[in-house]
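Please keep the sequence and the structure in view while reading.

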Amino acid sequence: MSAIVFRGASILGKDRADILVEGDKIRRVGVDLSLPKESTALEIDTNGLIALPGLVDLHTHLREPGGEDAETVDTGTAAAAKGGYTCVFAMANTTPTQDCPQVVEQVLNLGRQAGRVDVHPVGAVTKDLAGKELSQLRAMHECGAKVNVFSDDGKCVFDPLLMRQALEILRDFDGVIAQHCQEPRLTEDSQMNESYLAKELGLKGWPGVAEEMIIARDILLSLYLDVRVHICHLSTARAVELVRWGKAQGAKVTAEVTPHHLFLSEDELKGRAALFKVNPPLRSASDVQALRTALADGTIDLVGTDHAPHPDRLKDCDFECGAFGMIGLETALPVISTLMVRTNQMTWADVARVMSITPAKVGKALGQGEMIATGSQANLCFVSPDTSWQVSRDSQVSRSNNTPFAGKELVGAIQHTCYRGKLTVTNGQLQF
Ligand SMILES: [Zn+2]
Ligand SMILES: [Zn+2]
């Protein structure tokens, strides 16, 4: 059986230990582990590195089928492994839409062929994301892809009756809807955050209240029906307050924030670069501050990347013609390290919680987000905590390069990623 010993990493930023991996499992964790006699183990020196459970992204757009000029399951899972991920949830807004067993199983199989991370297809809530009629929710859960997370992401499940009906079906098997909160009428043709800057730039505003009223509605539905709801990509201070209120009332609500909403404010848009165009939009500096505080105090449960690849022609163009979305898998952990760990607002154990343990729990990803302990599936990532590097658009593994962090200095780099006992990344290099 193949074996790997990772020597001397600091487990979740605490005590140092060796981790012995045999086959696809963690066999032992301890100090100065001796090697099993019969096996020829690969030894990797991980002194000075932080060992975390492999990261789990509840919000990835892999674009296949239908958007292969931007990303494929193959290139997207390569970007994920490079970023320390061992599991991603692939959003449903593909062409054809992931709204039936056939398409979710296609994506599942493409993920298995790539073999770098677990790919969990997300099922669409409504047929074709059209918001008119429910998709085959139960059939997608019962098929080989065993879908537990449903979302019309990119669009909001706006019709409250359809939302209620979907939540009631999902209650039977404890599935969850990840809601993209956007009141459609208040955001028609919107380009950026509604603010003085939007007026100055002559761009149509996307008011925070359009996000907040759907969050409020869905928290109320969650309370009324006693079901789970997951709120995608919170972007405003008041959205945070609503989630805080819902949790205090006992609502089964979980909330997500993206690395870009934590790092960047609408001020980035002053040069009108479409690279910074995203939905929901980058908000004010005080919103950004509220999001950081809420992630640190646990009001926001997890970090999701909303990795949204687009080809150059849709990003290197006029702001108004640009597509909404940014890539994020390769930079997510370094962004959180730079913003939250270096500033002592979060520990590495907190990072493990918000980027692996909780997203695995919300999406019910078996074998992911487990403790680094005997018997766990060997999904691990190793971070060099003090390595600083500059993000460049040219060095992305993703098929697209629309990173909003280009030119930014980040501290913290993924050194190794281990997926089910196989090294997908060593010394920062993708292995296959
Ligand atoms: Zn969204
Ligand atoms: Zn999204």
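This is a predicted model: local features need pLDDT of at least 70, side-chain atom pairs count only at pLDDT 80 or more; totals for chains, interfaces and linings use all residues.

## Helix 2 and its length

Just after helix 2, G115 adopts a positive phi of about 70°.

Which residues of helix 2 are buried? They are P101, V103, V104, V107, L108, L110, G111 and A114. An α-helix has 3.6 residues a turn, so residues three or four places apart point the same way. In helix 2, V104, V107, L108 and G111 are among the buried residues, and the partners against which the buried residues of this helix pack are helix 1 (73-82), strand 7 (85-90), strand 8 (118-121) and helix 3 (137-142).

Three strands make up an open sheet in the order 6-7-8, with parallel pairing. Strand 6 (55-60) and strand 8 are the edge strands, each of them pairing on one side only, and neighbouring strands of this sheet are turned against each other by 15° on average, direction ignored. Between strand 6 and strand 7 the parallel pairing extends over four bridges, and V56 stands opposite C87 of strand 7.

Helix 2 lies across strand 7 and strand 8, and runs at about 170° to strand 8. Helix 11 (residues 348-363) also packs on the sheet, where it touches strand 6 and strand 7, and its direction makes about 55° with that of strand 6.

## The zinc site

What coordinates the zinc ion (ligand 1)? Its donors come from D153 (OD), H180 (ND1) and H233 (NE2), at 2.0 to 2.1 Å, and along the chain they follow the spacing D-x26-H-x52-H. A zinc ion (ligand 2) is 3.5 Å from the zinc ion (ligand 1), and D153 coordinates both.

Because D153 lies in the loop between strand 9 (149-150) and helix 4 (160-171), while H180 lies in the loop between strand 10 (176-179) and strand 11 (192-193), the pair ties together parts that are 27 residues apart in sequence. Both D153 and H180 are buried.

Key. Residues are numbered from 1 along each chain as its sequence is written. Chains are lettered from A and ligands numbered from 1 in the order in which they are written. Side-chain values use heavy atoms; hydrogens and water are left out. Buried means under 20% relative accessible area, exposed over 50%, partly exposed in between (1.4 Å probe, protein chains only). Helices (H or I, at least four residues) and strands (E, at least two) are DSSP runs, numbered from the N terminus. Contact means heavy atoms within 4.5 Å. Two strands pair if DSSP finds at least two bridges between them. Axes are lines fitted to C-alpha atoms, for helices over the stretch in contact, and angles run from 0 to 180 degrees between N-to-C directions. Donors are N, O and S atoms within 2.8 Å of the metal (3.2 Å for Na, K and Ca); water is not among the atoms, so sites may look incomplete.
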